[in-house]
Amino acid sequence: MSAIDDLLAAARSGLDRAEPEQAQRLQRDGALIVDIRPHVNRLEEGEIPGSVVVERIHLEWRLAPDSEWRLPEVKPDSTVIVVCNEGYSSSLAAADLRRLGLPGATDLEGGFRAWRSAGLPIREGGTPAVP
């Protein structure tokens, strides 16, 4: 295995990754879905309704429970599901959020493309990211 494969396996070992249908149920129960995909992907493929777009470079500052720049809806006990294209970078991001004090952080297994393949709702893409 390569170093990135090891890093990904370590990140995922601490996550209870959500399948698309499970993520949808969690969202209905109050989980926050955070889309970290690049603008071009969101514009071309769409977005998950109710998701919040946070650029990957801002993610830790917007979601760390003790960050002065965090989103107001994020609390230490929040459930947060990070979404990327296929579920790789979201695993690394969710593991980072757990290390920053957000134990309810996880990711969407298979990413946005798994959500879409499951036939779950999609909205038009291109929503501006949280500044």
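1. A residue is buried when its relative accessible area is under 20%, and a salt bridge is a side-chain nitrogen of Lys or Arg within 4 Å of a carboxyl oxygen of Asp or Glu. By these criteria Arg62 in this predicted model is buried yet has no salt bridge. The nearest side chain of opposite charge is that of Glu68, 9.2 Å away.

2. Arg62 is placed in helix α4. Leaving aside residues up to four places away in sequence, Arg62 touches Val54, Trp69, Arg70, Leu71, Val74, Val130 and Pro131. Leu63, counted in the same way, touches Val34, Val54, Arg70, Leu71, Val74, Val80, Leu97 and Leu102.

3. The largest nonpolar core has 18 residues, and Val34, Leu59 and Leu63 touch the most other members. Two or more residues of this core come from each of β1 (32-35), α4 (59-63), β3 (80-83) and α5 (89-99). The largest share is from α5, with three residues. A second, separate core has 11 residues, among them Ala18, Ile33, Ile81 and Trp115.

4. The buried residues of α5 are Ser90, Ser91, Ala93, Ala94, Ala95 and Leu97. Their cover includes α1 (3-13), α4, β3 and β4 (105-107). After α5 comes Gly101, which has a positive phi, near 105°.

5. The structure holds 10 salt bridges. One of them joins Arg17 to Asp107, with the closest N and O atoms 2.8 Å apart. This pair links distant parts of the chain, since Arg17 lies in the loop between α1 and α2 (20-28) and Asp107 in strand β4, 90 residues apart. Arg17 counts as buried because its relative accessibility is 16%; Asp107 counts as buried because its value is 0%.

6. Arg37 and Asp35 also form a salt bridge, at 2.8 Å from N to O. Both residues are buried.

7. Glu45 pairs with Arg116 in a salt bridge whose closest N and O atoms are 3.0 Å apart. This pair too links distant parts of the chain: Glu45 is in helix α3 (residues 39-45) and Arg116 in helix α6 (residues 111-117), 71 residues apart. Glu45 is buried, because its relative accessible area is 16%, whereas Arg116, at 36%, counts as partly exposed. Salt bridges with shared partners join Glu45, Glu86, Arg113 and Arg116 into one network.

8. An unreviewed UniProt entry carries the annotation "domain: Rhodanese" for residues 27-124. Over that range the chain is 33% helix and 13% strand, and the end C-alpha atoms lie 19 Å apart.

Note on methods
Residues are numbered from 1 along each chain as its sequence is written. This is a predicted model: local features need pLDDT of at least 70, side-chain atom pairs count only at pLDDT 80 or more; totals for chains, interfaces and linings use all residues. Side-chain values use heavy atoms; hydrogens and water are left out. A nonpolar core is a set of buried Ala, Val, Leu, Ile, Met, Phe, Trp, Tyr and Cys residues joined through side-chain atoms within 4.5 Å. Buried means under 20% relative accessible area, exposed over 50%, partly exposed in between (1.4 Å probe, protein chains only). Helices (H or I, at least four residues) and strands (E, at least two) are DSSP runs, numbered from the N terminus. Contact means heavy atoms within 4.5 Å. UniProt positions are given in the numbering used here, feature names are shortened, and annotations may be inferred rather than shown by experiment. Lys and Arg count as positive and Asp and Glu as negative; His and the chain ends are not counted.
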